[in-house]
Protein chains: 2
Amino acid sequence: MTFSFQLQAEDAATGARAGRFGTPHGEVLTPAFMPVGTQGTVKSLSPEELAAAGCDILLCNTYHLMLRPGAGTVRRLGGLHRFMGWPGTILTDSGGFQVMSLNELNRVREEGVEFRSHLDGSRHMLSPEEAIRVQDDLGTDIAMSFDHLVRLPAPPDEVREAVDRTVRWARRGLEERTRLRDQGRGGMALFGINQGGTTAAERARCFAGLAEMPFDGFALGGLWVGEGRTLGLEMIERDCAEFPRDKPRYLMGVGHPVDVVEAIARGVDMMDCVLPTRNARRGTVFIGTGRLVVRNAAYAHDERPLDPECDCATCRKYTRAYLRHLFISGELLGMRLASVHAVHHMISLVRRARAAVLEGRFAAFRSGFLDKFASRETLAAAAS
Amino acid sequence: MTFSFQLQAEDAATGARAGRFGTPHGEVLTPAFMPVGTQGTVKSLSPEELAAAGCDILLCNTYHLMLRPGAGTVRRLGGLHRFMGWPGTILTDSGGFQVMSLNELNRVREEGVEFRSHLDGSRHMLSPEEAIRVQDDLGTDIAMSFDHLVRLPAPPDEVREAVDRTVRWARRGLEERTRLRDQGRGGMALFGINQGGTTAAERARCFAGLAEMPFDGFALGGLWVGEGRTLGLEMIERDCAEFPRDKPRYLMGVGHPVDVVEAIARGVDMMDCVLPTRNARRGTVFIGTGRLVVRNAAYAHDERPLDPECDCATCRKYTRAYLRHLFISGELLGMRLASVHAVHHMISLVRRARAAVLEGRFAAFRSGFLDKFASRETLAAAAS
């Protein structure tokens, strides 16, 4: 039940790190990219396809699963791993972000957040303690602390209040895990979430509070919500400078390949995002040389794979012409094959970043990646 | 290029047969059930999943593929097998059924059928010759003759006229294949289609015309379009009594498990239907004991697989509770896992029928199957 993160290498020229940690469901290599299985499935993909893409850790959403099918149901059915047939590691979020973003009618009090289900309008309450109990019922490997986020921009006193509450709620979550452990449950790791929006002083103040608590890792919360890349990266750099070296750092909700590499360069170890797979289902995929719009007429006779340098199950077998046909024809297999590529591409990206850190050449990897991504080289139609 | 059907066994008590034939893409065992890959994909499934379900032959739709992506495009991309990544046998229909059913504005003349695309309203012409050329461009293993079907009920002279035209068109299709073969193409097998609706005398007259021609197999056309099971089965019995023993008999558009077994009992060797997979995508699957509606609330905590006696990839791994959750949540993986079961279930059914014929116990298999299918035994929720 002891969560332990092993820092394997730190890049000399940047903040990039390589590490690993173990959970009851296997080893996770960092930097890690976590595909999102919102409702207990990474949309359109099987667990076997995720594993074949190199995935060792998934994120699932506490908010969605507590409402449907219900945390108690998942628990009775043997927990989330068994329910969805995923043998690897699972990290669950705390539900806090969805409670705020999917519910206009929520009421935030010191006790917790009262909200109505976006599915049927039924009333629910999520507190720091309940968020921990729900995640324990789901059987997660890594739980997240229930935090208070504010919609930015917000007045300074509102940001300050949210920071204070986030620290109080973080402590209550840890105490709830201790109670669960006294009952022989609560075996999961628990990460604290740093808040404070884009106010550097508030983020530092928030972390000063969190740093005293025995969290297994720390997350960078409240970022990538519209503040702009420059400001976001600045906050990442500041947070990572405060966070301890010996614990994993998780940047929530970031998944554009360029952002992922820049976040890694600043010391981030874990990320999640629906962007790559959501884009893929809509027919847009990231490849090494940029962003490819599959249904582009230019690909109607293109016999190349989506990414000529990719070795995912889709790129090894199917042409752009076939993928385009599937999307134009509204075929489900198109979403699926594009999603296979999307997940593989992100995991391959963080694996290559990891190898670069371990081999002391991350800076070169990063500039090579950025140049190539901007090149748009293989996006043009093949000469026919 | 010689198509040869080997009749391996005939049941003593019924008309059931077991056989096999080879194509450039492998061996096909009969009775065979062909999943339908309308637009060059069996909706939601990968070729690997089809093969794992025991599938050795697929049906693809000439009408859909000639309009999108176009037969010429498929040909330039190496043919349908390569385009869609399916290494097994492919049978294509002639396009005649869709031209009639998807187009209110078609004009049938002796030359062929003029129609407008259901996609963009563009004008097209499909003739007996063009249907053969298109199927050759697609690279099919088994092509179907372009027939004239009438919407039933129809006046006797309309049925008679359609029969006469079907026979004339059948001859023109064979002649076109001969022309193609003279050019080193047209290597595919070609099946004739019997018509005549539910008028026994007309069907017999139609077949008298077709029987003289060197088709590689014969299809039972114009059935299962609303005439009722009793009348349909009577027509099947009559057709099969006329058809030669040494050629495969293909009943078009039949896929309900009970109909499949009854058709086999009357001498049918091949069938296709979208029903099992379309039902599956809508959350209804056939299992050994009847028809299971996956989203039924009774299955919310049911840890059994869809079919406790099935060994498909879905039933080996997932519970009804999970499948129900996926359907209730609108998740694509639900359609996919249900489709895997649906295809496996139909192919397993015809394989068991085949084994029963080979072992001289088809009558017992048939009554055992029918009794069990009517039992609804495992459809009730598990006691909890």
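Student: What do the side chains of A:Glu48 and B:Lys317 do where they meet?
Tutor: In this predicted model, the side chains of A:Glu48 and B:Lys317 form a salt bridge, with 2.6 Å from N to O.

Student: And how many salt bridges are there between chain A and chain B?
Tutor: The count between the two chains is eight salt bridges, and across the same interface of chain A and chain B there are 26 residue pairs in polar contact, both residues being at pLDDT 80 or more.

Student: Which helices of chain A supply at least two residues each to the side that touches chain B?
Tutor: Those are H1 (47-52), H3 (71-76), H4 (80-84), H13 (320-328) and H14 (332-358) of chain A, and H13(A) gives the most, with five residues.

Student: What's the make-up of that side of chain A by class?
Tutor: The side of chain A that touches chain B has 16 nonpolar, 10 polar and 11 charged residues.

Student: How much area do chain A and chain B bury between them?
Tutor: They bury about 3,200 Å², with 53% of it on carbon and sulfur atoms, and the contact draws 37 residues from chain A and 37 residues from chain B.

Student: Switching topic, in what order do the strands of the open sheet in chain A come?
Tutor: The order is S1-S2-S3, three strands with antiparallel pairing; S1 (5-10) and S3 (26-30) of chain A are the edge strands, each pairing on one side only, and the twist averages 15° from one strand to the next.

Student: How many bridges join S2 to S3(A)?
Tutor: Five bridges join S2 (residues 17-23) of chain A to S3(A), the two running antiparallel, and A:Phe21 stands opposite A:Val28 in S3(A).

Technical notes:
Residues are numbered from 1 along each chain as its sequence is written. Chains are lettered from A and ligands numbered from 1 in the order in which they are written. This is a predicted model: local features need pLDDT of at least 70, side-chain atom pairs count only at pLDDT 80 or more; totals for chains, interfaces and linings use all residues. Side-chain values use heavy atoms; hydrogens and water are left out. Contact means heavy atoms within 4.5 Å. Buried area is the accessible area (1.4 Å probe) that two parts lose on being put together, summed over both. A salt bridge is a side-chain nitrogen of Lys or Arg within 4 Å of a carboxyl oxygen of Asp or Glu. A polar contact is a pair of N or O atoms within 3.5 Å; within protein, one must be able to donate a hydrogen and the other to accept it, and residues adjacent in sequence count only if both atoms are side-chain atoms. Helices (H or I, at least four residues) and strands (E, at least two) are DSSP runs, numbered from the N terminus. Ala, Val, Leu, Ile, Met, Phe, Trp, Tyr, Cys and Pro count as nonpolar, Asp, Glu, Lys and Arg as charged, and the others, Gly among them, as polar. Two strands pair if DSSP finds at least two bridges between them. Axes are lines fitted to C-alpha atoms, for helices over the stretch in contact, and angles run from 0 to 180 degrees between N-to-C directions.
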